[in-house]
Amino acid sequence: MTQEKTPLITDEMRAHVGKESEPYTLEVDKTSIRMFARAVGHTDPIFYDEAAAKAAGYRSLVAPPGYLGTPIFNPNAAARRGRDMGPQPSRPLTRILNGGTEIEYFDDICAGDVLTATSHVASYEEREGSIGQMLITTTKTVYKNQDGKVVAIMTGTGIRY
Amino acid sequence: MAAKWNEITEGMAIPELKKNCSTQQLVLWAAGSGDFYQIHYDKDFAKGTGLSDIIVHGALKHAFLGQLLHDLLGGNGKIKRFGCSYRGMDFPNQDITCKGIVTRKYEENGQKLVDLEIWTENPEGKKTTPGSATVIINS
(Lines give C-alpha, C1' and ligand atoms only; values in the text may rest on other atoms or scores of the structure.)
Protein backbone atom coordinates (compact mmCIF):
# COMPACT_ATOMS: atom_id res chain seq x y z
CA MET A 1 0.00 0.00 0.00
CA THR A 2 1.40 3.36 -0.94
CA GLN A 3 0.56 6.40 1.05
CA GLU A 4 1.03 10.11 0.56
CA LYS A 5 3.88 11.33 2.73
CA THR A 6 3.74 14.65 4.49
CA PRO A 7 6.79 16.77 3.70
CA LEU A 8 9.21 16.80 6.64
CA ILE A 9 10.43 20.34 5.99
CA THR A 10 8.20 22.99 7.48
CA ASP A 11 7.99 26.75 6.79
CA GLU A 12 9.48 27.34 10.21
CA MET A 13 12.50 25.25 9.22
CA ARG A 14 12.87 27.13 5.93
CA ALA A 15 12.90 30.38 7.90
CA HIS A 16 15.61 28.96 10.18
CA VAL A 17 18.11 28.44 7.31
CA GLY A 18 21.02 30.85 7.63
CA LYS A 19 20.15 31.96 11.14
CA GLU A 20 23.30 32.23 13.26
CA SER A 21 23.39 30.41 16.61
CA GLU A 22 24.54 32.08 19.79
CA PRO A 23 28.35 31.88 19.91
CA TYR A 24 29.76 29.10 22.06
CA THR A 25 33.22 28.53 23.46
CA LEU A 26 35.55 25.60 22.87
CA GLU A 27 38.85 25.11 24.64
CA VAL A 28 41.88 23.59 23.00
CA ASP A 29 44.03 22.14 25.74
CA LYS A 30 46.92 19.73 25.95
CA THR A 31 45.02 16.92 27.66
CA SER A 32 42.21 16.92 25.09
CA ILE A 33 44.68 17.06 22.20
CA ARG A 34 46.57 14.05 23.58
CA MET A 35 43.29 12.20 24.18
CA PHE A 36 42.03 12.86 20.65
CA ALA A 37 45.37 11.95 19.04
CA ARG A 38 45.58 8.77 21.12
CA ALA A 39 42.02 7.76 20.17
CA VAL A 40 42.89 8.12 16.47
CA GLY A 41 46.25 6.38 16.85
CA HIS A 42 48.49 9.25 15.81
CA THR A 43 52.20 8.67 16.29
CA ASP A 44 53.61 12.14 15.51
CA PRO A 45 55.07 13.63 18.72
CA ILE A 46 53.78 17.14 17.86
CA PHE A 47 50.42 15.95 19.27
CA TYR A 48 51.89 14.68 22.55
CA ASP A 49 55.21 16.37 23.37
CA GLU A 50 55.32 20.13 23.71
CA ALA A 51 59.07 20.32 23.03
CA ALA A 52 58.57 18.42 19.75
CA ALA A 53 55.70 20.73 18.75
CA LYS A 54 57.80 23.83 19.47
CA ALA A 55 60.77 22.37 17.59
CA ALA A 56 58.42 21.98 14.59
CA GLY A 57 57.55 25.68 14.82
CA TYR A 58 54.25 25.57 16.73
CA ARG A 59 53.25 27.51 19.87
CA SER A 60 52.27 24.33 21.71
CA LEU A 61 50.75 20.90 20.99
CA VAL A 62 49.00 20.91 17.62
CA ALA A 63 45.29 20.12 17.24
CA PRO A 64 45.13 16.85 15.25
CA PRO A 65 43.13 16.89 11.99
CA GLY A 66 39.45 16.87 12.90
CA TYR A 67 39.91 18.26 16.41
CA LEU A 68 38.34 21.70 16.81
CA GLY A 69 38.38 22.11 20.57
CA THR A 70 36.17 20.81 23.34
CA PRO A 71 32.92 22.63 24.10
CA ILE A 72 32.71 23.76 27.70
CA PHE A 73 30.39 21.37 29.47
CA ASN A 74 27.90 23.00 31.79
CA PRO A 75 25.16 20.80 33.28
CA ASN A 76 23.10 23.88 34.01
CA ALA A 77 23.15 25.27 30.48
CA ALA A 78 19.71 25.23 28.92
CA ALA A 79 20.85 24.26 25.47
CA ARG A 80 23.47 21.65 24.72
CA ARG A 81 26.67 23.18 23.32
CA GLY A 82 25.08 26.56 23.68
CA ARG A 83 22.86 26.14 20.65
CA ASP A 84 19.39 24.77 20.22
CA MET A 85 18.41 22.11 17.76
CA GLY A 86 16.30 24.47 15.67
CA PRO A 87 12.71 23.92 14.60
CA GLN A 88 11.53 20.33 14.44
CA PRO A 89 10.28 18.56 11.29
CA SER A 90 6.58 17.85 10.68
CA ARG A 91 6.86 14.51 12.47
CA PRO A 92 9.40 13.45 15.11
CA LEU A 93 12.49 11.70 13.77
CA THR A 94 14.26 9.75 16.46
CA ARG A 95 17.20 8.18 14.64
CA ILE A 96 20.31 10.10 13.72
CA LEU A 97 23.22 9.25 11.44
CA ASN A 98 26.26 11.34 10.68
CA GLY A 99 26.27 11.91 6.91
CA GLY A 100 29.60 13.59 6.41
CA THR A 101 32.20 16.06 7.62
CA GLU A 102 34.34 18.60 5.83
CA ILE A 103 36.81 20.96 7.48
CA GLU A 104 38.62 23.84 5.86
CA TYR A 105 41.57 25.30 7.79
CA PHE A 106 42.77 28.89 7.65
CA ASP A 107 45.38 28.87 10.41
CA ASP A 108 47.04 26.64 13.01
CA ILE A 109 45.08 25.57 16.07
CA CYS A 110 47.23 24.82 19.11
CA ALA A 111 46.85 24.04 22.81
CA GLY A 112 46.01 27.20 24.72
CA ASP A 113 43.69 28.52 22.03
CA VAL A 114 40.14 29.41 22.96
CA LEU A 115 37.76 29.13 20.02
CA THR A 116 34.41 30.79 19.56
CA ALA A 117 32.02 29.04 17.22
CA THR A 118 28.77 30.04 15.59
CA SER A 119 26.67 27.63 13.56
CA HIS A 120 23.87 27.93 11.09
CA VAL A 121 21.84 25.53 9.02
CA ALA A 122 22.95 25.92 5.40
CA SER A 123 20.21 23.71 3.97
CA TYR A 124 17.51 21.15 4.67
CA GLU A 125 16.87 18.44 2.14
CA GLU A 126 14.43 15.58 2.05
CA ARG A 127 15.26 12.26 0.44
CA GLU A 128 13.84 8.80 0.16
CA GLY A 129 16.47 6.16 0.90
CA SER A 130 16.77 2.53 1.85
CA ILE A 131 15.97 3.56 5.43
CA GLY A 132 12.84 5.45 4.34
CA GLN A 133 12.06 9.13 4.45
CA MET A 134 15.18 11.05 5.51
CA LEU A 135 15.88 14.63 6.51
CA ILE A 136 19.34 15.81 5.56
CA THR A 137 20.59 18.86 7.41
CA THR A 138 23.77 20.63 6.35
CA THR A 139 25.25 22.80 9.08
CA LYS A 140 28.14 25.23 8.80
CA THR A 141 30.19 26.15 11.85
CA VAL A 142 32.74 28.96 11.83
CA TYR A 143 35.53 28.81 14.44
CA LYS A 144 37.39 31.97 15.47
CA ASN A 145 40.38 31.99 17.79
CA GLN A 146 41.12 34.36 20.71
CA ASP A 147 42.48 36.94 18.22
CA GLY A 148 39.21 36.97 16.30
CA LYS A 149 40.72 35.18 13.32
CA VAL A 150 38.68 32.53 11.50
CA VAL A 151 40.77 29.37 11.88
CA ALA A 152 38.38 26.74 10.53
CA ILE A 153 35.00 26.20 8.95
CA MET A 154 33.28 22.86 9.39
CA THR A 155 30.45 21.64 7.21
CA GLY A 156 28.54 18.78 8.76
CA THR A 157 25.78 16.67 7.29
CA GLY A 158 23.26 15.08 9.62
CA ILE A 159 20.72 12.47 8.58
CA ARG A 160 17.56 12.00 10.62
CA TYR A 161 14.95 9.35 9.88
CA MET B 1 59.11 10.27 5.15
CA ALA B 2 57.68 13.53 3.93
CA ALA B 3 55.99 14.07 0.59
CA LYS B 4 58.21 16.22 -1.66
CA TRP B 5 56.77 18.57 -4.27
CA ASN B 6 58.92 17.31 -7.15
CA GLU B 7 58.15 13.68 -6.32
CA ILE B 8 54.36 14.11 -6.37
CA THR B 9 52.61 13.24 -9.62
CA GLU B 10 48.97 13.29 -10.63
CA GLY B 11 47.47 9.82 -10.45
CA MET B 12 49.93 8.51 -7.88
CA ALA B 13 48.66 6.50 -4.94
CA ILE B 14 49.78 7.69 -1.51
CA PRO B 15 50.97 5.30 1.24
CA GLU B 16 48.04 3.46 2.86
CA LEU B 17 47.11 3.63 6.51
CA LYS B 18 45.59 0.50 8.01
CA LYS B 19 43.24 0.70 10.98
CA ASN B 20 41.33 -1.93 12.92
CA CYS B 21 39.25 -0.59 15.81
CA SER B 22 38.96 -2.51 19.03
CA THR B 23 35.88 -1.72 21.09
CA GLN B 24 38.31 -0.05 23.49
CA GLN B 25 39.40 2.34 20.73
CA LEU B 26 35.76 3.29 20.14
CA VAL B 27 35.37 4.12 23.83
CA LEU B 28 38.59 6.15 23.71
CA TRP B 29 37.16 8.01 20.72
CA ALA B 30 33.83 8.62 22.48
CA ALA B 31 35.75 10.32 25.28
CA GLY B 32 38.16 12.15 22.97
CA SER B 33 35.48 13.46 20.65
CA GLY B 34 32.60 13.89 23.10
CA ASP B 35 30.29 11.70 20.97
CA PHE B 36 28.65 9.37 23.46
CA TYR B 37 25.90 7.99 21.21
CA GLN B 38 25.43 4.40 22.43
CA ILE B 39 25.32 2.78 18.97
CA HIS B 40 29.13 3.00 19.11
CA TYR B 41 29.75 1.00 22.28
CA ASP B 42 26.53 -0.63 23.56
CA LYS B 43 25.64 -3.69 21.49
CA ASP B 44 22.11 -4.06 22.93
CA PHE B 45 21.39 -0.42 22.23
CA ALA B 46 22.79 -0.70 18.69
CA LYS B 47 20.66 -3.78 17.97
CA GLY B 48 17.63 -1.96 19.36
CA THR B 49 18.01 0.62 16.62
CA GLY B 50 18.14 -2.08 13.94
CA LEU B 51 21.91 -2.31 13.53
CA SER B 52 23.61 -5.73 13.47
CA ASP B 53 26.41 -4.61 15.82
CA ILE B 54 28.02 -1.48 17.21
CA ILE B 55 29.48 0.67 14.45
CA VAL B 56 32.62 2.79 14.09
CA HIS B 57 31.96 6.54 14.48
CA GLY B 58 31.89 8.38 11.18
CA ALA B 59 33.96 11.21 12.62
CA LEU B 60 36.64 8.70 13.66
CA LYS B 61 36.98 7.61 10.04
CA HIS B 62 37.22 11.29 9.10
CA ALA B 63 40.03 11.63 11.65
CA PHE B 64 41.72 8.49 10.22
CA LEU B 65 41.73 10.18 6.81
CA GLY B 66 43.22 13.22 8.57
CA GLN B 67 46.01 11.01 9.86
CA LEU B 68 46.51 9.58 6.36
CA LEU B 69 47.12 13.14 5.11
CA HIS B 70 49.15 14.22 8.14
CA ASP B 71 51.47 11.23 7.75
CA LEU B 72 51.76 11.86 4.02
CA LEU B 73 52.90 15.45 4.66
CA GLY B 74 55.35 14.36 7.35
CA GLY B 75 55.84 17.98 8.47
CA ASN B 76 56.44 19.27 4.90
CA GLY B 77 53.10 21.04 4.57
CA LYS B 78 49.63 21.44 5.97
CA ILE B 79 46.11 20.23 5.39
CA LYS B 80 44.05 22.98 3.79
CA ARG B 81 40.78 21.08 3.55
CA PHE B 82 39.56 17.52 3.97
CA GLY B 83 36.14 15.98 4.01
CA CYS B 84 34.25 12.75 3.51
CA SER B 85 30.79 11.21 3.37
CA TYR B 86 29.75 8.31 5.56
CA ARG B 87 28.25 5.97 2.97
CA GLY B 88 28.80 2.60 4.54
CA MET B 89 29.11 1.33 8.07
CA ASP B 90 32.31 -0.10 9.49
CA PHE B 91 32.46 -2.46 12.44
CA PRO B 92 35.01 -3.07 15.20
CA ASN B 93 37.69 -5.74 14.71
CA GLN B 94 37.62 -5.35 10.93
CA ASP B 95 40.25 -3.70 8.77
CA ILE B 96 39.59 -0.14 7.68
CA THR B 97 42.14 0.76 5.03
CA CYS B 98 42.69 4.46 4.35
CA LYS B 99 43.82 5.22 0.82
CA GLY B 100 44.36 8.18 -1.45
CA ILE B 101 45.20 9.19 -5.00
CA VAL B 102 46.61 12.51 -6.18
CA THR B 103 44.08 14.07 -8.56
CA ARG B 104 45.70 17.45 -9.21
CA LYS B 105 49.00 19.23 -8.56
CA TYR B 106 49.06 23.00 -9.08
CA GLU B 107 50.24 26.38 -7.80
CA GLU B 108 47.79 29.06 -6.71
CA ASN B 109 48.39 32.36 -4.87
CA GLY B 110 52.00 31.36 -4.31
CA GLN B 111 51.04 28.06 -2.68
CA LYS B 112 51.97 24.60 -3.88
CA LEU B 113 48.74 22.64 -3.74
CA VAL B 114 47.76 19.02 -4.18
CA ASP B 115 44.18 17.76 -4.49
CA LEU B 116 43.49 14.19 -3.51
CA GLU B 117 40.70 11.70 -3.61
CA ILE B 118 40.72 9.91 -0.25
CA TRP B 119 38.64 7.10 1.16
CA THR B 120 38.38 4.22 3.61
CA GLU B 121 37.86 0.68 2.38
CA ASN B 122 36.25 -2.24 4.23
CA PRO B 123 37.54 -5.86 4.02
CA GLU B 124 35.36 -6.44 0.90
CA GLY B 125 37.07 -3.54 -0.86
CA LYS B 126 34.00 -1.30 -0.66
CA LYS B 127 34.61 2.43 -0.23
CA THR B 128 32.66 3.14 2.95
CA THR B 129 33.93 6.69 3.41
CA PRO B 130 34.70 8.49 0.14
CA GLY B 131 36.13 11.98 0.36
CA SER B 132 38.52 14.55 -0.99
CA ALA B 133 41.24 16.85 0.29
CA THR B 134 43.58 19.69 -0.59
CA VAL B 135 47.00 19.91 1.03
CA ILE B 136 49.68 22.61 0.92
CA ILE B 137 53.21 21.37 0.26
CA ASN B 138 56.07 23.50 1.59
CA SER B 139 58.82 22.36 -0.78
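How many helices and strands are there in chain A?

## Chains and elements

Chain A has three helices and six strands, where helices (H or I, at least four residues) and strands (E, at least two) are DSSP runs numbered from the N terminus. This is a predicted model, in which local features need pLDDT of at least 70 and side-chain atom pairs count only at pLDDT 80 or more, while totals for chains, interfaces and linings use all residues. Residues are numbered from 1 along each chain as its sequence is written, chains are lettered from A and ligands numbered from 1 in the order in which they are written, and side-chain values use heavy atoms, with hydrogens and water left out.

From the N terminus, the elements of chain A follow the order α-β-α-α-β-β-β-β-β. The C-alpha atoms of chain A fill a box of roughly 65 × 30 × 30 Å along the principal axes. Chain B contains three helices and five strands, in the pattern β-α-α-α-β-β-β-β along the sequence. The C-alpha trace of chain B spans about 55 × 30 × 25 Å along its principal axes.

Eleven strands make up an open sheet with antiparallel pairing, in the order β2(A)-β1(A)-β4(A)-β5(A)-β6(A)-β3(A)-β2(B)-β5(B)-β4(B)-β3(B)-β1(B). Two strands count as paired if DSSP finds at least two bridges between them. The edges are β2 (70-71) of chain A and β1 (17-20) of chain B; each has a single partner strand, so one side of each is left without a neighbour in the sheet.

Within chain A, β5 (residues 132-144) and β6(A) run antiparallel and are joined by ten bridges. Lys144(A) has Val150(A) in β6(A) as its bridge partner. The hairpin of β5(A) and β6(A) has five residues between the strands, and Gly148(A) there takes a positive phi near 80°. Strand β6 (residues 150-160) of chain A is also joined to β3(A), by nine bridges in an antiparallel arrangement; here Gly100(A) stands opposite Thr157(A).

The sheet passes from one chain to the other between β3 (residues 96-105) of chain A and β2(B), which run antiparallel and are joined by five bridges. In this pair, Glu102(A) faces Gly83(B).

## The interface

In the interface, 26 residues of chain B are in contact with 25 residues of chain A, contact meaning heavy atoms within 4.5 Å. The two chains bury about 2,300 Å² between them, 56% of it on carbon and sulfur atoms. Buried area is the accessible area (1.4 Å probe) that two parts lose on being put together, summed over both. Leu28(B), His70(B) and Tyr86(B) supply 23% of the area that chain B buries against chain A, more than any other three residues.

Twelve residue pairs are in polar contact between chain B and chain A, both residues at pLDDT 80 or more. A polar contact is a pair of N or O atoms within 3.5 Å; within protein, one must be able to donate a hydrogen and the other to accept it, and residues adjacent in sequence count only if both atoms are side-chain atoms. On the side of chain B that touches chain A, the elements giving two or more residues are α1 (23-33), α3 (58-73) and β2 (77-85) of chain B. By class, that side has twelve nonpolar, ten polar and four charged residues. In this classification Ala, Val, Leu, Ile, Met, Phe, Trp, Tyr, Cys and Pro are nonpolar, Asp, Glu, Lys and Arg are charged, and the others, Gly among them, are polar.

Over all chains the structure holds twelve salt bridges, each a side-chain nitrogen of Lys or Arg within 4 Å of a carboxyl oxygen of Asp or Glu. Two salt bridges lie between chain B and chain A. Arg81(B) and Glu102(A) meet in a salt bridge at 3.3 Å, N to O.

Arg81(B) is placed in strand β2 of chain B. The side chain of Arg81(B) also makes a polar contact with the side chain of Ser132(B), at 3.3 Å. Leaving out residues up to four places away in sequence, Arg81(B) touches Glu102(A), Ile103(A), Glu104(A), Ser132(B), Ala133(B) and Thr134(B).

Within chain A, Asp11(A) forms a salt bridge with Arg14(A), the closest N and O atoms being 3.3 Å apart. Asp11(A) and Arg14(A) are separated by about one helical turn because they are three residues apart in helix α1 (residues 11-16) of chain A.
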